[in-house]
Structures are given as C-alpha cells and as structure tokens.
Amino acid sequence: MARVQLIIPDEDRDEFVAEARRDGISLSEWLRLAARERAERRRNEGRFHSLHDLEAFFDECDAAAGNGDEPDWEEHLRVAEESRSSGWPDT
C-alpha cells in the first residue's frame with residue numbers, strides 16, 4: 001500500500017477530522033472515500049442516466065439541425081465533386 005503525504009491548512013484538517021469522526025472512520029479513510037466519490041462523479045459526467053436524458057439529447061440535436069430536409073445522395077456527391085475540382089483548371 002502506498003503512503004501519501006498531504007499538506008493542507010490546519011482549518012481544513014480540523015474540518016475533515018470532525019467529518020471523519022462523525023462518520024466513525026479515520027481521517028485517512030475519509031479522504032480516500034472523498035477522493036473516490038469525486039473520481040466517480042467525473043467518470044459519470046456527460047453520461048446518459050435514463051431514457052429521458054437520451055431523449056433530451058436527441059431533441060437538442062434535432063433543434064440544432066434546424067428545419068428542412070437533407071439533400072439526397074446525388075446532391076451530396078455533386079457538392080463533393082465540385083469541392084474536389086475547385087481550383088483545378090478546366091481541361
């Protein structure tokens with residue numbers, strides 16, 4: 001097991017010790033739990049937690065896309081070809 005030295009203000013130490021005692025655990029265990037909770041929150045940021053979250057995401061995507069139909073495939077190909085050939089001399 002690794003040992004980590006932590007330098008913190010005395011006021012923080014006193015607060016953390018009091019919290020650990022309220023939970024009936026050591027300061028070391030309290031700090032490990034706090035670090036794990038923070039890491040877990042970071043891992044879960046931006047994830048979908050329900051069907052509602054997923055539906056809201058797609059609603060936002062639809063709103064950002066605006067109204068109207070997408071061009072058909074032939075139109076996509078024509079635009080791509082124009083882009084590729086732009087700047088080339090006509091021969």
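**Surface patches, ring pairs and salt bridges**

On the surface, a patch of negative charge is made up of Glu55, Asp59, Glu60 and Asp62. The model is a predicted one, in which local features need pLDDT of at least 70 and side-chain atom pairs count only at pLDDT 80 or more, while totals for chains, interfaces and linings use all residues. Residues are numbered from 1 along each chain as its sequence is written, and side-chain values use heavy atoms, with hydrogens and water left out.

A patch takes in residues with over 30% relative accessible area and no salt bridge; like charges are joined within 9 Å, and nonpolar side chains (Val, Leu, Ile, Met, Phe, Trp, Tyr) within 5 Å. For charges, Lys and Arg count as positive and Asp and Glu as negative, whereas His and the chain ends are not counted. The charge is placed at NZ of Lys, CZ of Arg, CG of Asp or CD of Glu.

A nonpolar patch on the surface is formed by Phe48, Leu51, Leu54, Phe57 and Phe58, which together have about 480 Å² of accessible area. Such areas come from the Shrake-Rupley method with a 1.4 Å probe, and for residues only the protein chains shown count as cover. Phe48 is placed in the loop between H2 and H3 and is partly exposed, its relative accessible area being 42%.

Across the whole structure, the search finds 3 aromatic pairs. In one of them, Phe57 and Phe58 are edge-to-face, at 5.2 Å centre to centre and with 70 degrees between the planes. Rings of Phe, Tyr and Trp (its six-membered ring) pair if their centres lie within 6.5 Å; planes under 30 degrees apart count as stacked, over 60 as edge-to-face and the rest as tilted. Phe57 is partly exposed, at a relative accessible area of 36%, and Phe58 is also partly exposed, at 45%.

In helix H1 (residues 10-23), Arg22 and Glu19 lie 3 residues apart, about one turn of the helix, and their side chains meet in a salt bridge (3.1 Å, N to O). Arg22 is exposed, with a relative accessible area of 60%, whereas Glu19 is partly exposed at 29%.

Another salt bridge joins the side chains of Glu29 and Arg32 (2.4 Å, N to O). These residues are separated by about one helical turn because they are 3 residues apart in helix H2 (residues 27-44). Glu29 is partly exposed, with a relative accessible area of 24%, and Arg32 counts as partly exposed at 35%.

In the salt bridge between Arg78 and Glu82, the closest N and O atoms are 2.3 Å apart. Both residues lie in helix H4 (residues 73-85), 4 residues apart, about one turn of the helix. Arg78 is partly exposed at 39% relative accessible area, and Glu82 counts as partly exposed at 44%. Salt bridges with shared partners join Glu75, Arg78 and Glu82 into one network.

Terms used
Salt bridge = Lys/Arg side-chain N within 4 Å of Asp/Glu carboxyl O. Buried < 20%, exposed > 50% of the residue type's maximum accessible area, 1.4 Å probe, protein only. Helix = DSSP H or I, 4+ residues; strand = E, 2+ residues; numbered from the N terminus.
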